[in-house]
Amino acid sequence: MSSLQTALRRESGTLLKVEDLKTHFVTAGGIVRAVDGVSFSLQHGQRLGIVGESGCGKTVLSRSVMGLLPRRNVIRTGSVYFEERELTSMSLRERQTIWGAEMAMIFQDPMTSLNPVMKIGKQLSEPLRIHLGSSRENARQIVYKLLQDVGIPEPEKRFDQYAHELSGGMRQRVMIAMALACGPSVLFADEPTTALDVTVQAQILDLIEYQCRERQMSLVLVTHDLGVVAGHTDQIIVMYAGRIVEVAPTPMLFSNMKMPYTEALFQSIPKLEEPSHTRLTTIGGRPPNLISPPDGCRFSPRCPYTTDKCIKEEPELQKVGVDHYFACHHPVGSDRWKEVQVTLGRRTGGR
Amino acid sequence: MRYFLQKFAQLILVVFAVTFTVSLALGAIPNSEERIIAAKGSGAINEEEKNKLLDSLNLREPTLVQYGYFVQDLVTLDWGVTLNGNQPIKSSISDGLKISVRLMVYAQLVALLIAIPAALLAAYRNGGLFDRFSTTVSFGFISTPNYVLATVLGLLLTVRWKIFPAISDDVGFFEAPWDHFLNFFLPTIVLALPLAATYLRLLRADLVNTLQSDFITTARAKGVSTSRILFGHALRPSLFSLVTAAAVNVGALVGGSVVVETAFNLNGLGRRTVLGIFASEFRLVQITVVVLALVYVVTNFLVDIVYGFLDPRVRAGRLG
Amino acid sequence: MSESTVEIPEAADVRKPRFRQRGRITKWISAIWLVFIVVSAVGASFLPYVKHSCDQFSDKDKCSTHVKTNPLLSERPPSWAFFSDTTRPVVGDAPERYGLFGTDTNGYDLFSRTMFGARNSLLIGAMSILFGILIGGTLGLVAGYLGKRVDKVIDTIMNIFLAFPALLLAIFIVGFFDSSTTSEAQSRSIVPIVIALVILSIPPIARLVRANTMVYAQREFVLAARSLGAKSGRIIIREILPNVMPAMVTFAITGMAILIVAEGALAYLGLSVTAPTPTWGAMIFGGQTKLETAWWISIMPSIVLFLTVLSINLLGDALNEKFRIREAIG
């Protein structure tokens, strides 16, 4: 067991505890190891961000933690503890009592994620009627308030409308309202702003943050966009190829990032200070094949600091600073790193 | 609203075209006069009666005038009598309609009752044992011509094991319910099974598609129970193909169940048409065909309206 | 979102390697069966396992069945049907049971008759669908490509035809031709049947082709051809037709099965080619009255018909799968 896992074991009173979660898919081409040994914990009221490229396993992770994946052709090992209860061993019915009521999720594309032939009001009332046993009238009133809370005016009118009659931003607000309806303890937000206009993105993120604070809800924000997690999370997990490669409190991650992958992600964000027409930095190469991942460090084919050691030996998670772990042989600031900086013509020292 | 008017206009147009074609067809049959006389039955018939008969059918008029009279007769329900036996055509058709409609309703109900739950189960456990089994079985039923099915079932249940009567009588439901059931059971089954197979296939395909949608995942994440997801969320958006097919079949079954009606000796509308053709009962055939076409066309029209209800996006004029 | 490598794959993907194995066998059996039927049908006159003889018929027309008749062998059950006995008197050393399918009332070997019936049924089906495709396909192409007025006219006419329940339309047409012939002999030739079936198949084919054509008519390569000065006819034949072909072929195959069944239905109602010409439907119809005493007369052709239609449907379905462009799931 890694040092991270031992550390987790000692803690108690956590909201969510994930231990060595692995999710493998059986496909015609082989077994895809989408999530390959992830452990983390989430405290009450904490906001956690999970970042990584497309294909790194973050979406599968969030659904895996909730237990939303189908049974067929999916192998899930490891444990997920929600307030001391073990989610992984629960039956579907038991999980159904938790979903929506104590754990909620909002998804990426609100247009396709809302039922097109059901009125918004009915969809919103559904969790209330199922989990809280509200009558139709009661639920309606609660829904009106919910709609107001998420910033949708004229809730009475909206109640009887359909998804296609609302704008993208409004639909996402409806999704959020739906998730909040029963007052869950944790909200999973899976790329909530990716499908939205940039102008609306900030509003939605602020709304989510506000609601989390108001309702004392924990948040798990999954995204590929470092900019999104920067202002709205307390702690960030960086994922690559189904594994956690770095985890740190948000400010520390940005000020003292260790993983070259994190560094690369950070560098690829366009910066306001740079002159216009500056070429965007990208991370060359593609994510590894998850059916047969490489033996050593999974990022090494694309890492500018890679050495033979990286190819052969997989780095273990090491601790540096409070709650800051990373997995790399030649992290930012190491000798190897400094060597390469000189070759690349960059200043040494942190950004 | 515009949608409704558009469809209604199409309806009217087709009705006109059908009636016109039917009216035209009569005029195009060579030797129609001789045949009519011959069908009138044995015994000499004098000139006067002959002329009266032919005049009543307006055969000697020019085409458009013929058509005009035809429409008039249709609308005023002045449908005349059969050549052989002087039966009022109206009652003949209404009797036939009663049987055919009954059969159609029974067959549709049974078919839907089988197909909908089966499709839900098959789609939910997509690729599972029940799914593959039902797909194979329904394929088999679709490939079986109904007369083959009627023959085989007839052989087993009527001839060999003598459960059901070979010749079905039109016994009213309220007169003798059990007899009614016995008489109508086999023809209904023979019609319903291939129907159910088609419906099953259509609904299952749409359901499988819908179940992969994002909004189903959302519903799951809300903690909605499995049965509620199937019936409440997945079923409605998946009904289109099924509803189209069922609607088409309302009209198709009423007129097209000729084979089953013949096999079980039920004098439905289809069978009467065939017999009418054999007996040169032109008027009867004409009107029957028009009635059948009307049933068909009106049903399709109503279906288009129902579409508007099922999918609000269609109503709004845009498709999602 | 390009998380395609980790998105939840369709459950069927794993089943597919195994499922395909099962499907494979069925398809091969279907293909073999169909080959058998077609070969028997085509070569009925000279294949060794089909008993026939034209010698006994002075009138060549009566020889349409090409099957030897033998009154001594009337209504014999098939050789393997040990549970059935004949109700006809057994004279001399004539066998109790005979042949692969038994014999019918006239003593015709049912198996041979079925094979000749195959020839007729397949012929009718093939001819009808062929003409149907020719006419319906042309109409569809023209309507789909030229659009607007032409399209509206053709579409309306097709809708009128579609307003009649199919079988009834066929019955109507056959009845129409019946009335047209003045002969008392009431013997129907193959022509009205084929015409009826062709008319039956035109509207659906036209609709299908029209829909497909409209899809392709919008595409750039058509625009390109037009800008090069190609005339409509040329475009239709060289650009659009090859693209619409696969759908047409698939429809033709399944359509043929449907038409064979339809001919059977007509025969069942007594509206197909007259006896003694065997078609499957006619044979099933003919044996109806004898279900109790000589069930094989109806049942054996029924089985053959069913298997043939099933095979055609299976292969047509497989063809459909092949031509369909697979969309990435999930």
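Okay, let's start with one residue in chain B. If you skip its neighbours within four places in sequence, B:Val260 is in contact with B:Asn146, B:Ala150, B:Pro187, B:Val190 and B:Leu191. By contact I mean that the C-beta atoms of two residues, placed from the backbone, lie within 7 Å.

Before I go on, this is a predicted model, where local features need pLDDT of at least 70, side-chain atom pairs count only at pLDDT 80 or more, and totals for chains, interfaces and linings use all residues. Residues are numbered from 1 along each chain as its sequence is written, and chains are lettered from A and ligands numbered from 1 in the order in which they are written.

Back to our valine. B:Val260 sits in helix 12 of chain B; helices here are DSSP runs of H or I with at least four residues, strands are runs of E with at least two, and both are numbered from the N terminus. Is B:Val260 buried or exposed? B:Val260 has 26 C-beta neighbours inside 10 Å, so it counts as buried. The cut-offs are 20 or more other C-beta atoms within 10 Å for buried, 12 or fewer for exposed, and partly exposed in between, again with C-beta atoms placed from the backbone. And B:Gly154, 106 residues away along the chain, has its C-alpha atom 11 Å from that of B:Val260.

Now, chain B meets chain C. The contact involves 43 residues of chain B and 39 residues of chain C. On the chain B side, helix 12 is one of the elements giving two or more residues, but helix 7 of chain B gives the most, with seven. That side divides into 25 nonpolar, 17 polar and one charged. For those classes, Ala, Val, Leu, Ile, Met, Phe, Trp, Tyr, Cys and Pro are nonpolar, Asp, Glu, Lys and Arg are charged, and the others, Gly among them, are polar.

For the complex, the predictor gives an ipTM of 0.80 and a pTM of 0.78.

Over to chain A. An open sheet there has eight strands in the order 6-7-8-3-9-10-12-11, with mixed pairing; two strands pair if DSSP finds at least two bridges between them. Which strands stand at the edges? Strand 6 (103–106) and strand 11 (318–319) of chain A do, each with a single partner strand, so one side of each is left without a neighbour in the sheet. Strand 11 pairs with strand 12 (residues 325–326) of chain A in the antiparallel sense over two bridges, and A:Lys319 stands opposite A:Tyr325.

Chain A also has a hairpin, joining strand 1 to strand 2 through two residues. Those strands, residues 16–27 and 30–42 of chain A, pair in the antiparallel sense over ten bridges, and A:Thr27 has A:Gly30 as its bridge partner.

Last stop, chain A against chain B: 25 residues from chain A and 18 from chain B make the contact. Helix 5 of chain A gives the most on its side, with four residues.
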